[in-house]
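Subject: Structure for your review

Dear colleague,

Please find the structure below, together with its sequence. My notes on what was found in it follow, and I would ask you to read them with the model open beside you.

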Amino acid sequence: MTHVLKIEDLHVSVGDKPILRGVNLTINHGETHALMGPNGSGKSTLGLAIMGHPGYTITGGSITLDGEDVLEMGPDVRARKGIFMAFQRPMAIPGVKMADFLRHATTNVRRPDRKEGEELIPMREFRKELKEKMAHLKMDVEFARRYVNDGFSGGEMKRAEILQLAMLQPKFAILDETDSGLDADAVRLASESIADIGHQKMGLLIITHHDKLLEHNPPEFTHVMLGGRLVETGGKELAEELHEKGYDRIRKAYPDAEAANQEMLAEEAAV
Amino acid sequence: MATDITESEADQVGEINKYNFRTETTGVFKAKKGLSEEVVNQISDIKNEPDWMRQYRLESLKIFNERAMPMWGGAIDIDFQDIYYYLKPTAGQGKSWDDVPQEIKDTFEKLGIPEAERKFLSGVKAQFESEVIYGSLEEDLAKQGVLFTDTDTAVREHPEMLREYFGKIIPNNDNKFAALNSAVWSGGSFIYVPKGVHIDFPLQAYFRINAESMGQFERTLIIVDEGASVHYVEGCTAPMYTTESLHSAVVEVVVKRNARCRYTTIQNWANNIYNLVTKRAYAYGDATMEWVDGNLGSKLTMKYPAVHMMEPGARGEILSIAFSSAGQHQDAGAKLVHAAPNTTGQIISKSISKNGGRSSYRGLVKVEPGAHNSKNNVVCDALILDPESRSDTYPYIEIAEQDVQIGHEASVSRIGEEQMFYLLSRGLTEQEASTMIVNGFIEPLVKELPMEYAVEMNRLIQLQMEGSVG
């Protein structure tokens, strides 16, 4: 079965401030989409809205997964249905070991009908798989004993997000600037890992400013967001153009969207 | 809560056997309700105490009557004349299992506490049969010169030591509730660890065979002689249920030069209990005293374990955790007094409030004149799970020296919306996510606990989070 994540005319606000103003996007299983755009244009908001962050209010439009209404689902249900987001700034959960957290998460995602209190994936089986995946990501075994994102360096956090991606094996993954804050070697490792995990097996939405991640994960589609709308969609060459030349052409071509973007940036700065 | 025994039945018992900690008695005795010289004398009679202890009790009663209620902490509404101050523990008598509230029984069940222990912990049964198991342990300790018994026995068998230390760390005029305990105390543990002796397993076993230790007014005295070390574990995570509404213990600890003492408590009282406890340790030259103190349940807990660092190089550490739920107020905290130079203190205090529960941290850090080059650090974190709950911090800091290092960090957080979202986005349910966050929050305490307590503690938190524990 081919899975489809479909976003139609999505409007999202934070408080009473509109951010997304009518986004349309369809991601089919196996496709890689790049989402680019200047700061404050609403890229992360789109990801967080798809994942169901409670701080973002959907004021219009729809998100469906294989025809099912995603907006009706809590974030945990979305995760169990196969949606994943690698966060730009993942939260630390002090006192909770990575391995314990991952065992819960992996069990729930793989066995979405599991009732609370039912057994988790057998420890032996889980450990074996976790070890393999960590070795693949060149992560020290000690990492599994550390507290979730607590005191992690930027690079460690991003790698931990990719480890989760590898363990949870979602249908769709949103990567929110998974390459930022990483040095060149780490970016290469991250992008190779993502390619390795196999985007053939999922739909990918890669939010990025840089092109390194895209080298190993060339997008079939590139979308440009400005002022809360997707103003242009192209192929790999659009991503390359934006990397080389920046957003000046886009800003000039869509003055209304540019005005909205400036307004959003000003509000963000005022907060 | 009604009991099976009426006062007239208690009167009929007549001849009361001399109370003996290790002997199962057939008699039932309950002192008259209310507090009076007569009751205090009666307690002293039954325990066959030396005169100095009787006089100490009577003097303490006077102090109790004179002293005002504390002006801080939580609201205390106790009718002191409506309480039984002494109930002689008996096996299988006194209360009926049917009287134990269902929620307490459920908690025992869910914690996996064995049947016999459940009855013991809820005061229905005294668990004398465990004695056999711990007999060899006792022998082993005795060979090393360790004294480990209940405090009543200690008064009779080790009078010199008792006279030297009893009421010296926490005198009867320390506060109203210390005076109350000093007047009507009963049970509790007495430990003496001789010079240079290291006990490398936690001392806890006896607590489970001494019903009176978990009484209302237990009195504990621990003396760790020079260069010795001990870890004492008191109480447990199971709910402690009593028909009385007041628990007021006094715990005194002396840690001599180069010695080390750790005292671990996890107390989980039934929700009708006022839990008003005074705990204090004196740590001498280069000695270390550690309190690991967890408080769950009760209507109001007021408890501030203290370490007075009496000589250079002494070290005091307090790790305290409070969990308050509906109808509960945990006024918990810690006190560290630097009374000598080069002393070091640390307080880590964590509180969790849920379902309208209230937690407060009340702490004192005091550096006395001359205690130069002392260092102290306080970390105080509160976690509030819902908008109905409340947390307050009352840190008192008094410093009379210049060259000291004092740190205080406090943080209050709601269960982070972002943390929650993060865990939910990984497929965890809300219940699993909040339990995980809370378990992580108390991890610093749990990792200090002996294994079986740590397991029970995690299970207990899970029950608290499910809301199935009152």
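Two rings of Phe, Tyr or Trp count as a pair if their centres lie within 6.5 Å, the six-membered ring being used for Trp; planes over 60 degrees apart make the pair edge-to-face. Taken over all chains, this rule gives 14 aromatic pairs. One of them joins B:Trp52 and B:Phe166: the ring centres are 6.4 Å apart and the planes stand at 75°, so this pair is edge-to-face. B:Trp52 belongs to helix 3 (residues 51–66) of chain B, while B:Phe166 sits in the loop between helix 8 (159–165) and helix 9 (176–184) of that chain, so the pair ties together parts that are 114 residues apart in sequence. Please bear in mind throughout that this is a predicted model.

Are these two residues buried or exposed? B:Trp52 has a relative accessible area of 17% and is buried. B:Phe166 is buried as well, with a relative accessible area of 3%. The ring of B:Phe166 also has a charged neighbour, for B:Arg219 lies over its face at 4.1 Å from the ring centre.

The interface of the two chains

The ring pairs also form a cluster made of A:Phe87, A:Phe101, B:Phe421 and B:Tyr422. This brings us to the place where the chains meet. Chain B contributes 20 residues to the contact and chain A contributes 35 residues. Between them the two chains bury about 2200 Å², and 65% of this area is on carbon and sulfur atoms. Which residues of chain B lose the most area to chain A? They are B:Phe421, B:Tyr422 and B:Arg426, which together account for 35% of what the side of chain B buries.

Helix 10 (417–424) and helix 11 (430–441) of chain B each supply at least two residues of the side that touches chain A. Helix 10 of chain B provides the largest share of that side, namely seven residues. Two salt bridges are found across the interface. B:Arg426 forms a salt bridge with A:Glu161, and the closest N and O atoms are 2.6 Å apart.

Salt bridges within the chains

Over all chains, the structure holds 30 salt bridges. In chain A, A:Lys133 forms one with A:Glu129, with 2.9 Å between the closest N and O atoms. Both residues lie in helix 4 (residues 123–136) of chain A, four residues apart, which is about one turn of the helix. A:Lys133 and A:Glu129 are both buried. Another salt bridge joins A:Glu142 and A:Arg145, where the closest N and O atoms are 3.1 Å apart. A:Glu142 counts as partly exposed, at 39% relative accessibility.

In chain B, the side chains of B:Arg280 and B:Asp174 meet in a salt bridge at 2.8 Å, N to O. B:Arg280 is part of strand 11 (residues 274–283) and B:Asp174 is in the loop between helix 8 and helix 9 of chain B, so this pair ties together parts that are 106 residues apart in sequence. A network of salt bridges links B:Arg260, B:Arg262, B:Glu290 and B:Glu448.

One buried arginine, and chain B overall

B:Arg362 is found in strand 18 (residues 358–367) of chain B. With a relative accessible area of 10%, B:Arg362 is buried. Its side chain is joined to that of B:Asp331 by a polar contact of 2.7 Å. Leaving out residues up to four places away in sequence, B:Arg362 touches several others, among them B:Trp72, B:Tyr304, B:Tyr394 and B:Tyr396.

Chain B as a whole has 13 helices and 21 strands. Of its 470 residues, 62% count as buried. Among the contacts in chain B with a separation of 6 or more, 85% are between residues 24 or more positions apart.

With kind regards

Terms used: Residues numbered from 1 in each chain as written. Chains lettered and ligands numbered in written order. Predicted model: local features only at pLDDT ≥ 70, side-chain atom pairs only at ≥ 80, totals over all residues. Heavy atoms only, no water. Phe/Tyr/Trp six-rings, centres within 6.5 Å; stacked < 30°, edge-to-face > 60°. Buried < 20%, exposed > 50% of the residue type's maximum accessible area, 1.4 Å probe, protein only. Lys NZ or Arg CZ within 6 Å of the ring centre and 35° of its normal. Contact = heavy atoms within 4.5 Å. Buried area = accessible area lost by both parts, 1.4 Å probe. Salt bridge = Lys/Arg side-chain N within 4 Å of Asp/Glu carboxyl O. Polar contact = N/O pair within 3.5 Å; in protein donor to acceptor, adjacent residues only side chain to side chain.
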